[in-house]
Amino acid sequence: MLKTYKSSCKQNITPVSLDPYVPKVELKEYLKINDTIYEVDSRAENGMTFSRLLNYKYSDTLKKMDPDHLVALVTEVIPSYSCLVFCPTKKNCENVAEMICKSLSKEYLKHKEKEKQEVIQNLKNVSGGNLCRVLRHTIPFGVAYHHSGLTSDERKLLEEAYSTGVLCLFTCTCTLAAGVNLPARRVILRAPYVAKEFLKRNQYKQMIGRAGRAGIDSVGESILILQEKDKQQVLQLISKPLENCYSHLVQEFTKGIQTLFLSLIGLKIATNLDDIYRFMSGTFFGVQQKVLLKEKSLWEITMESLRYLTEKGLLQKDTMCGSKEEFQNNFHITKLGRASFKGTIDLAYCDILYRDLKKGLEGLMLESLLHLIYLTTPYDMASQCDPDWMIYFRQFNQLSPAEQNVAALVGVSENFIGKKASGQAIRKKVDKNIVNRLYLSFILYTLLKETNIWSVSEKFNMPRGYIQSLLSAAAAFSSCVLHFCEELEEFWVYRALLGELTKKLTYCVKAELIPLMEVTGVLEGRARQLYNAGYKSLTHLANANPEVLIRTIDHLSRRQAKQIVSSAKMLLHEKAEALQEEVEELLRLPSDFPGLVASSTEKA
């Protein structure tokens, strides 16, 4: 069937690769309506021509399970070739992967069977023995889903397995289309939608651009599945030009133009209105100003942004002596501005962060990490959070009295959470962002205590990929807050505390594993293996024999063993040098030592 199908693909060829040194790959675009496949053809009157009818024997049960004939489309190429199926939602990815595997014959289980078992074992190793129920069922068939619900370790292992041909089919969301180099012989778009939004031309081109592997395949194919009701919209989609690219410098106000101005002044690249305006004129936004700016001029936008930063206390204006012209006014960065600049804090939140840290000093609770975690929970993730109120209430009641007091300090009472959990009306207004941020801090606090993303994911009924993203964002924001506090003397008390918290959030493992995870190539699963095998410190690893490591640690290659030992030796050497410098500094005679000063004076 595959040979017959390939021989019919001879027209409307579009080159995929722009690299002159890589052979060009033919990309053919198809549309599927019911059981008919049409080829996209710009020369045809309605933009498409008949190609073929799907010839696949479907049972009545399979027809109900697979009304879009996905099984027929993927089995034309797998397992010999790779295939991507783009789905509108994350849940749909998982459902489609399972549905396809239920319909595949047992022959698919034999293809690279040993390698697929290794993938399953590796997934368990990086997840503390856990494995997703869906992946347990689909990987033996060479199928997996790929979306943001996976942890980064899971994604990396699955992508490696796909790239080497162990896995031949990914059901994925549109995020895989950009940035990840995972090409396929055939790309199938499950529907012309991303969630509930109709596809844009650039999204469509990005997805079908995965089809065709330069240097491997001579042809790539894309098939967009659509319903009759979407036909006209899809015909417009495939024929219209790509959307124009516009600057978002002003639309993303605090992350765009204002942050740019603070950086320009902080780095002393431009410090007066005239220089800043000339800099803006040379940006992409400046080039597009006639198209983008309808009501205000670039000069007015520049003036307003600088005025906003000044009113917010991030900049201060100095009028030059004898100058009456506003464009000659110089600006300098304030302490708060420098703290925000050095900490790379989103300017929408810098004053809120300052107030939160100031308020925290009045009653900082150090009996547990909860209060500190709340202060370093990212503000922007709170707006995206939708708490499960029963879980919220349950977790609140598991806190100690001192920890419950943290909630009261930030303005969230047990009474409020209880009423929300029971569905009662709330009269007293409570800041939604504070409530959501506290909920996220509960997740992070639980994660630091349990150090297991899977159990926390189950406890809070959230995807493990989201939990990991929250943890990474919190570790990054904690580091930002640390730099913010280093620039403001009044927050000196936070510095040491945030340094330790940042390290815990970065590694999120039992304390004894952190020294091992400083070594290149050692993640949590490997650190646990090494620790259990008796390698409990950097010194142990630096003095280890790679050959012994290979025999002792499961699934450790010779190259990895040598890398671990050499990295540990280098780290140990760096730490020894740093300690030596500290010793020399401690033993060095101070330059202002009384006797030394008198002796110098006599010689003079």
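User: Which residue forms a salt bridge with Glu487?
Analyst: This is a predicted model, where local features need pLDDT of at least 70, side-chain atom pairs count only at pLDDT 80 or more, and totals for chains, interfaces and linings use all residues. Residues are numbered from 1 along each chain as its sequence is written, and side-chain values use heavy atoms, with hydrogens and water left out. A salt bridge needs a side-chain nitrogen of Lys or Arg within 4 Å of a carboxyl oxygen of Asp or Glu. At 3.6 Å between the closest N and O atoms, the partner of Glu487 is Lys342.

User: How many residues apart are Glu487 and Lys342?
Analyst: Glu487 sits in the loop between α25 (464-486) and α26 (492-507). Lys342 belongs to helix α16 (residues 335-342); helices are DSSP runs of H or I with at least four residues, strands are E runs of at least two, and both are numbered from the N terminus. The pair links distant parts of the chain, and the separation is 145 residues.

User: Is Lys342 buried, partly exposed or exposed?
Analyst: Buried means under 20% relative accessible area, exposed over 50%, and partly exposed in between (1.4 Å probe, protein chains only). Lys342 has a relative accessible area of 41%. Lys342 is therefore partly exposed.

User: What is the N to O distance in the salt bridge of Lys358 and Glu490?
Analyst: The side chains of Lys358 and Glu490 meet in this salt bridge. Lys358 is in helix α17 (residues 350-362) and Glu490 in the loop between α25 and α26, 132 residues apart. Lys358 is partly exposed at 39%, and Glu490 is partly exposed at 33%. The N to O distance is 2.8 Å.

User: Which strands hold Arg186 and Glu221?
Analyst: Arg186 and Glu221 form a salt bridge, with the closest N and O atoms 2.9 Å apart. The pair ties together parts that are 35 residues apart in sequence, because Arg186 lies in β8 (residues 186-189) and Glu221 in β11 (residues 219-226). The strands are β8 and β11.

User: How many salt bridges are found in the whole structure?
Analyst: Among them is the bridge between Arg186 and Glu221. A search of the whole structure gives a total of 22.
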